[in-house]
Amino acid sequence: MSHDPVCLASTMIPPLSAPLHGVATVPGDKSISHRAVLFAAMAEGTSHLAGVLDSDDVRSSMAAVRQLGAQVSLEKQPDGSLAGSVTGWGAAGPRKPEGAVDCGNSGTTARLLMGVLAPWDVPVEITGDESLSRRPMRRITAPLMKMGVRFLPEGRETLPLTVRGTHGLRALTYDAPMASAQLKTAVLLAGVYAKGTTTVNEPAPSRNHTELMLPEFGVSTTAANCTAGVTGPQDLAACEVHVPGDPSSAAFLVCAAVLKRDSAIQVENVSLNTARIGFTRTLERMGAEVSVQRTGAAGKEPFGTISVCYTANLHGCEVPAEKIASIVDEVPVLALVAAFARGVTVFREVGELRVKETDRLAAVVEGLAHLGVEAYIDGNDLYVEGQPGLAVPEGVTLDSKGDHRLAMTWALAGLTGNTSVCVENFDAVRISYPQFLEDIERLAR
């Protein structure tokens with residue numbers, strides 16, 4: 001990796017010198033890491049956490065709960081993860097912070113905090129960086145307001161917002177307009193303290209890490225396909241949490257091996273939560289040689305090994321709307337793989353990508369166009385017209401737009417391709433996978 005003069009503010013990503021071989025691990029799961037930190041802060045007593053992802057987003061959650069009165073002692077480990085203890089505020093509740101709680105770029109931190117703060121009569125201003133301040137918050141504030149939470153200024157749908165919770169939360173049955181684990185989690189966390197049963201029904205399955213983790217903290221939950229519930233009031237009690245590897249990070253190594261001739265790798269100790277490994281099934285539908293083997297569980301979270309090797313003859317496929325929630329973070333890199341496949345790949349109902357860290361839908365179409373690939377949006381569907389044997393044009397610059405998933409996706413175009421590419425704002429990888437480039441280069445030695 002170099003900052004080449006012709007690349008200016010970008011990072012030059014040259015092709016890998018050899019196929020990818022061997023065994024890799026990836027950093028801790030981002031979704032599980034956030035929840036481990038936030039739930040431990042809510043709990044009575046001291047929780048012990050291991051395998052926590054050290055990234056800008058997770059550090060936003062750590063800083064937020066510290067401001068609210070939790071004691072956070074998580075130290076960097078030799079493998080780059082964070083481990084240690086979090087002592088929660090428990091029944092005493094969070095304290096009023098000095099100043100606003102700045103969530104940085106982390107939508108998970110901001111949205112889940114709204115549910116964390118719902119049962120407490122403490123005014124807390126939540127803010128974030130420029131990107132986060134454009135992201136929609138009404139999907140979270142609307143159901144919480146039905147439960148009795150106030151948000152000021154009234155009617156505002158983006159950060160900064162001041163949350164004013166209440167001890168008299170009302171239980172709620174909520175039919176969510178979209179499948180969103182952040183929405184579901186915020187409502188369930190409020191429901192833990194509300195009197196009665198709070199239920200969230202979704203149009204498609206979303207990540208279920210909250211339903212799996214709350215029982216570890218002593219809170220019983222109910223969960224089925226597209227529905228989850230909790231009966232309150234209950235209290236969280238400290239526990240031990242081990243965070244498995246992040247499948248969304250693993251997806252980039254897996255897709256690199258699919259595209260780089262003669263590669264064969266295994267990614268170990270990665271979460272195999274069925275709501276998170278949809279990308280392996282999509283790759284299988286495209287003809288890729290990929291398999292999954294469970295080796296254990298951390299609490300109720302299964303983990304194991306993903307094995308994959310280079311696939312010469314990929315073909316397009318259709319990804320139906322009900323599968324998108326399980327691959328929402330992997331659509332950009334799967335679209336890149338689709339660019340090398342024979343025929344058309346369609347991702348149905350991916351409008352949610354418009355309100356991520358950036359408009360990922362528009363960015364994918366724009367980036368693929370720079371690679372000479374026809375991709376277009378029809379309604380909320382993304383179409384990619386693949387080109388077997390695609391050669392990356394010389395001197396291409398691809399813009400991550402400050403989005404970590406796009407930074408890694410466009411890096412793969414250079415790493416697995418025939419010529420170097422420049423990636424603008426490549427440093428965005430710090431948000432979820434700081435050592436991405438080092439890990440992939442080590443596999444190519």
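The model is predicted, so local features need pLDDT of at least 70 and side-chain atom pairs count only at pLDDT 80 or more, while totals for chains, interfaces and linings use all residues. Residues are numbered from 1 along each chain as its sequence is written, and side-chain values use heavy atoms, with hydrogens and water left out. Helices (H or I, at least four residues) and strands (E, at least two) are DSSP runs, numbered from the N terminus.

**Helices α1 and α2**
- The axes of helix α1 (residues 30-42) and helix α2 (residues 56-67) come within 9 Å and cross at roughly 5°.
- Axes are lines fitted to C-alpha atoms, for helices over the stretch in contact, and angles run from 0 to 180 degrees between N-to-C directions.
- The two helices α1 and α2 are therefore roughly parallel (angles under 35 degrees; over 145 is roughly antiparallel, 65 to 115 roughly perpendicular and the rest oblique).
- Contact (heavy atoms within 4.5 Å) involves K30, S33, H34, V37, L38 and A41 on α1, and D57, V58, S61, M62 and V65 on α2.

**The four-stranded sheet**
- Strands in the order β2-β15-β17-β16 make an open sheet with mixed pairing; two strands pair if DSSP finds at least two bridges between them.
- β2 (21-25) and β16 (289-298) are at the edges with a single partner strand each, so one side of each has no neighbour in the sheet.
- From one strand to the next, the twist averages 15°.
- Six bridges link β15 (residues 264-271) to β17 (residues 301-309) in the antiparallel sense, and Q266 has S307 of β17 as its bridge partner.

**Helices lying across the sheet**
- Helix α8 (residues 278-285) lies across β16 and β17, at about 160° to β16.
- Helix α12 (residues 436-443) lies across β2 and β15, at about 155° to β2.
- T282 is part of helix α8 and is buried, with a relative accessible area of 3% (buried is under 20%, exposed over 50%, partly exposed in between, with a 1.4 Å probe and protein chains only).
- Leaving aside residues up to four places away in sequence, T282 touches C317, V319, I327 and L334.

**Strands β10, β11 and β13**
- Strands β10 (residues 173-175) and β11 (residues 196-201) run parallel and are joined by three bridges; T173 has T199 of β11 as its bridge partner.
- β11 and β13 (residues 227-232) run antiparallel and are joined by six bridges; N201 is partnered by T227 of β13.
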